[in-house]
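Here is a short briefing on a sheet, a helix pair, a chain contact and overall dimensions. Please keep the structure in view while reading.

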Amino acid sequence: MNYSEHSLSFVFFLSSMKVELRDIHKYFGPVHANGGVTLTIEPGTLHGLLGENGAGKSTLMKVLSGFLSPDRGEILLDGKAVRFHSPTEAVALGVGMLHQDPLDFPALGVTDNFLLGSPREFLLDRKHHKSRLNELADRFGFRFDLEARVFDLSIGERQQLEIVRLLALGANVLILDEPTTAISAQQRENLFDALHQLTEEGKTVIFVSHKLDEVKSLCSKVTVLAHGKVTGEAATDCPTEELVKMMFGQALTVGKRCEVKLGEPILELQNFTLSDWRLKVKDLFLKVRAGEVVGFAGLEGSGQELILRGCAGLLKPSTGRIRIAHQDMTGRPYRDFIEAGVGYMVAGRLEEGLIAGMTLAEHMALTERNPPFFIDWAMTEEKTSQRIEAFNIKGQPTTLVEGLSGGNQQRALLSLLPPQPKLLLMEHPTRGLDMESTEYIWRLLQARTQQGTAILFTSSDPEELLDRSDHILIFFAGRVRMMDTCGASLFHLGELIGGKGFE
Amino acid sequence: MNNGLIQRILLLRISAIVLALFLSAAILMMLSASPLDAFSLILSGAFGSWAKLAYVMTAWAPVLLCSAGLLITFAAGLWNIGIEGQVVMGAVFATGLMWILQDSFPPSAVLVLAALAGLSGGALWGMLVGGLRRYGNVNEIFGGLGLNFIAGSLTVYLVLGPWKRPGIGSTSGTEPFPPSLWLPPFRDFQASPIEIILGLIAIASVAIALRGTHFGLQLRAIGKNVKAAFLKGIAVDRDIFLSFGLCGGLAGLAGWILIVGTSARHNLYPLISSGYGYLAILVVLLANLKALWSVPISFFFAAISMGSLQLPLQRQLDSSLGGVIQGMLVLSILVIHGIRSRWLRREG
C-alpha cells in the first residue's frame, strides 16, 4: 500500500530528467543499425526524432529504454552513466517506452494491464489501484472503460493506458515510437494535449516519427536520423525542405522510367477496403497493367502489407472488388490466385517464406503445380541447380535453407517464384542484398516485366522505389496517394512519405 | 549420412539405453527386487521359447502398424493421441462385419472384408479428429483423447449389450470367433507371417511416401512450417485431414489384427487396444521421424511388453514394470537429445 502512494508522488513532484546518448553503436549481424549516435535531450522538453524507415530510430530508442543493449556507447541520465539490462531496469530509473504496436496483454482487463510491472504486492488492493488509475486518466483527459478487456479498446485507448501505466511506474522520460499511425484524429489531439501537459509537469518526451507536420507542430527541437547516423538537428521552426534534405540526403535521384510500354490491365482494384486490428485502407482504386511496376512507399505498417496480401488473395476485402486479368477474383481462395498467375513473396524469410529443415531441392519440388504422385528427384535436382546458377545462390540443391546466408535466402526466395507469373507481389524484394545483387535481381525482374509481368513491391528505400517503379503508392496511416515517378525527385517523394498533402 | 554422424547418433542412443536401464534398476531396487533377475526374466519371457516369441510377434504387428500411421501424422506436426480410439474402432468395425457375414461368405473373404472394415473404422475415427480440429477448432490432442474415451465406452456397451454372449453378459468380451476366422499360423509357430508382413509393408510404404511423393513432401512441409507451406499453395487443411485418415486407417488395421491374429483372443473386449497406440507414440518419438528406425524399436518394445508379463507369474512384481522401463527409455533419450541440442546451440 505504501509504495503506491509513493509512486503517485513520483508523478507529481519528481523533477525533470536530462537524457544524453553518447556514441551509440548497434549491430544486427552485418547491419549497422546505429553508427555512433550522439544526442542530448534537454529536460522537460518535447523532442522530435525524425527519420525514414530503417534510419535507426526505433533501434536507438530501444537501446535507451533497455530493450536492446548497445554494442558500444553510453547512456547518461542527468549526467550519470547508466546501464540497463532490461526494460524493467530502465523504467525503474525513469525511462519508459511506448512501442509502435502496443506491447500489452489484450486478453487481460484494463486494470490488470495497468498493474503489470508494478512492484510486487502479495494481495492486490484492486479498489485502491483502480482509483489511482482513474485519477491519472482523468488528469490527462483519457477515457477508457476500466472494466473492459484491453482487446476491446481501440489502439488509441491502449496507448493512453500504456502511458498512464508508465507514469505510474515512475517514468520521467517517455518515448513514443510512431504513436499516430493507427489512431483517430480526435485521439491524436488528445494525445498531443496530454504530451504538452506532461512537459509542463516537467517530464521529458521523445516523439519518434517520420511525419514532418506532426513533429513540426508538436516538438520544440528535432533530431534527424538517416542510415543510423544523426544527419541534423534543428529547432522545429526551420523550413520543411531543410528537414526533408536531412532525412533523404542531397541525392539527385530522379525517376527514370518514363517510356515503358504497358499492356492489358492485369490487376484492378475497385472500392477495395481492407482492415486489420490496427488500421483500415478504404476505397482503394488501382489499375496495374502488364509490364508495369508499382512501388509501395510509406512507414512500415501503414497499409502496404494489407493491400499486398489482399492482392495475393490472402485477405478478403470487406467491400470492393479485385480483378486479375479481367477475371473477378473477389472472395476466391488463395490457391485460385496462384492458379491465376499471382506470385507472392513474403518479407519474413524463415518465418513464412522458406521452410527450415528442408533443402533447396525440396523447396523446388514443393513449388511444382499439379505434380505427379512420385517426385522425380533427379529432374528436381537438375532444375534446382539451374535456378541456383541463374540466381547466383551460394549453395547446393541439398543445402538446408537455414544454412544459407541472409542474402542467399533472399535469392532462394526469388528463385522459387513461378518463372512467368502475370502478377508478382513482393515484400522488400532486395532487403539484405548488396548493391550488385540488387542490381542483378532487378535486371531479372525487369526482364519479366518486358514479357508482360506486372510487379507490385514494398520497399523502405526511397531511391529503389524511385528508380524501379513506374508509379508509387504512398501509404500514410491507411490513406493512399499515387505518384508518377517519371521526372519526380527524391525530395518530392520524401515530402509525400512525410505526409505532405495527406492532411 | 556420414559415418561420424551415424557413430554419434549410435553413441547417444546407447548412452540413453544405459541411462534408462540404470533408472529402471533403481526403481526395481526400491521395490527390493533384483534388477538383474527382473531383466533376465523379461528377456526369457520374450525369447525363452517359440511360443513366447510368437506372442512378441503378435504384439509387434499392431505396434508396427500404429507406428507407420503415426509417422504420417508426426511428419505433419500433429499429435494423434487419438490413435488408441482408432485401434478400438478398427476392432469394432472388423468384429461387426464378421458377425454379420461369417455365415454367408467363405472365411477368407470374410477376413479380407473385415480388414477393410477395420481400416475404414479407424480411418473414420481419425478423420473425426481431423474434422473436429478443422471445423470445431478442437486441438487434436483433446479431440483424440475425448474420442478415445468414447470408443472405449462403446466397446463396453457393445460387449454388455447388443453383442453380449448368449446367456451371460460379461466384460470378458464377445463370443470368440471360430478358428476358421483366425489368421493361419506358420506351421507350429503361433503367429501369422501375414501380420508381420503387413506391418513391415506399412512402414516401408510410409517411408517411401514421406521421402518420394509430393504428398509426403507436402506433409513434411506442413509439419515444419505451416505458414510457409500454406503460402506455397499447399492445401494444408486437406492434407491434414488426409493424414489423420491414413493414420486412423493403419490403426484400424491393427485393431483388425487384435481380433483375427493367430494368438489373439478372437473376440471384442473392453480395452482391446491394450495401449499399443500409446506404445507406438513412444516408438515414433524415439525413432525421431526416421521411419526405418521404428522397426527395431517397436520390436524391442513389443519384447519388453510381452516379456514383462512373466514378472507377476514368477515373482511378486507387477507387469507394468515393463511400461516403466519403456517410459524410462523414452525419457532418457529425449533428455539426452535435449541436452545435446542445448550444447549445440551454445557452441553456435
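Chain A holds an open sheet of 4 strands, ordered β2-β1-β4-β5, with antiparallel pairing. Its edge strands are β2 (31–41) and β5 (80–82) of chain A, and each pairs on one side only. From one strand to the next, the twist averages 30°.

This is a predicted model: local features need pLDDT of at least 70, side-chain atom pairs count only at pLDDT 80 or more, and totals for chains, interfaces and linings use all residues. Residues are numbered from 1 along each chain as its sequence is written, while chains are lettered from A and ligands numbered from 1 in the order in which they are written.

**Sheet of chain A**

- Strands β1 (residues 19–28) and β4 (residues 72–77) of chain A run antiparallel and are joined by 5 bridges. Two strands pair if DSSP finds at least two bridges between them.
- A:E20 stands opposite A:L76 in β4(A).
- Helix α2 (residues 57–64) of chain A packs on the sheet and touches β1, β2 and β4 of chain A. Its direction makes about 115° with that of β1(A). Axes are lines fitted to C-alpha atoms, for helices over the stretch in contact, and angles run from 0 to 180 degrees between N-to-C directions.
- Contact between two residues requires C-beta atoms, placed from the backbone, within 7 Å.

**Helix pair in chain B**

- The axes of α4 (residues 83–101) and α6 (residues 140–160) of chain B come within 8 Å and cross at roughly 30°.
- α4(B) and α6(B) are therefore roughly parallel to each other (angles under 35 degrees).
- The contact residues include B:V88, B:M89 and B:V92 of α4(B), and B:L147, B:I150 and B:L154 of α6(B).
- By class, the contact of α4(B) with α6(B) has 8 nonpolar, 5 polar and 1 charged residues. Ala, Val, Leu, Ile, Met, Phe, Trp, Tyr, Cys and Pro count as nonpolar, Asp, Glu, Lys and Arg as charged, and the others, Gly among them, as polar.

**Contact between chains A and B**

- 20 residues of chain A are in contact with 15 residues of chain B.
- On the chain A side, α11 (334–339), α12 (349–353) and α13 (360–366) each give two or more residues.
- That side of chain A divides into 13 nonpolar, 3 polar and 4 charged residues.

**Chain A overall**

- Chain A has 18 helices and 20 strands. Helices (H or I, at least four residues) and strands (E, at least two) are DSSP runs, numbered from the N terminus.
- The C-alpha atoms of chain A fill a box of roughly 75 × 50 × 45 Å, taken along the principal axes.

How values were computed
Angles under 35 degrees count as roughly parallel, over 145 as roughly antiparallel, 65 to 115 as roughly perpendicular and the rest as oblique.
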